[in-house]
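Let's walk through this one by question and answer. Have a look at the model first.

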Amino acid sequence: LNFALENYSKAIELNPNVSIFYHGRGEIYHDWGKLELAKDDYAKAINLDPNNGPAYSGRGFVYLQRNDYENALTDMLRANELGIKLEPEFLERIRKVVELDREIQSYNDRKNQIRLERERLEIIGAYFSNLSTQQQQREMIRYQAEQQAIYNKIYNPKEISTEMPDINRYQKKRYKVHYDFDGSGATIEEQ
């Protein structure tokens, strides 16, 4: 393989515009487990000849070995279009992994959004201690409404109304809370 690698490298030096030379050298790097070098050579081969199916296939397998399933699927489907026949069940399994990865990413995005909004609300809650008792009551109601809005925003993204009693013992006021889903929080109206 050393001899073949040297010959491909010399051929590339003499004529750097031949796709098959890069593909051949990429195959050797791939066999040796030098995945980054293999991926680079496959990419050069594809840039020189966009119809080089074996280069797409080789790069797809490099992506697969690096657990980059989305790029692996893209390259393998392109190789398949160009005449490199890959097992349909194999491609379908990679497609399923890509779909699951997207679902996991979507879940992680929602989870991260909840975490960031909770942190924001905790920071807002820190200033309650500097307010008068009446202001604290009003702000606490808003704070609780915003916390509830975090959960409702994800699981039921429609306008939600909730009645919340006033904390004041002497008057029985009712509030209607409207959650604003553009990120500005909740509004409270007395009824």
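Q: Where is Ile84 found?
A: We're in a predicted model, where local features need pLDDT of at least 70, side-chain atom pairs count only at pLDDT 80 or more, and totals for chains, interfaces and linings use all residues. Residues are numbered from 1 along each chain as its sequence is written, and side-chain values use heavy atoms, with hydrogens and water left out. Helices here are DSSP runs of H or I with at least four residues, strands are E runs of at least two, and both are numbered from the N terminus. Ile84 sits in the loop between helix H5 (69–81) and H6.

Q: Is Ile84 buried, partly exposed or exposed?
A: Buried means under 20% relative accessible area, exposed means over 50%, and partly exposed is in between, with a 1.4 Å probe and protein chains only. Ile84 comes in at 25%, so the label is partly exposed.

Q: Which residues does Ile84 touch, not counting residues up to four places away in sequence?
A: A contact means heavy atoms within 4.5 Å. With residues up to four places away left out, Ile84 touches Gly53, Pro54, Ser57 and Ala79.

Q: How many Å apart in space are Ile84 and Tyr56, C-alpha to C-alpha?
A: Along the sequence, Ile84 and Tyr56 are 28 residues apart. In space, their C-alpha to C-alpha distance is 9.1 Å.

Q: Is H3 roughly parallel or roughly antiparallel to H4?
A: Axes are lines fitted to C-alpha atoms, for helices over the stretch in contact, and angles run from 0 to 180 degrees between N-to-C directions. Angles under 35 degrees count as roughly parallel, over 145 as roughly antiparallel, 65 to 115 as roughly perpendicular and the rest as oblique. Helix H3 (residues 35–48) packs against H4 at about 150°, axes 9 Å apart. That makes the pair roughly antiparallel.

Q: Which residues in H4 do those of H3 meet?
A: The H3 side of this packing is made up of Leu35, Ala38, Lys39, Tyr42, Ala43, Ala45 and Ile46. In H4 they meet Ala55, Tyr56, Gly58, Arg59, Val62, Tyr63 and Gln65.

Q: Why is the pair of Phe61 and Phe90 stacked?
A: The structure holds 1 aromatic pair. Rings of Phe, Tyr and Trp (its six-membered ring) pair if their centres lie within 6.5 Å; planes under 30 degrees apart count as stacked, over 60 as edge-to-face and the rest as tilted. The Phe61 and Phe90 ring centres are 5.9 Å apart and their planes lie at 15°, so the pair is stacked.
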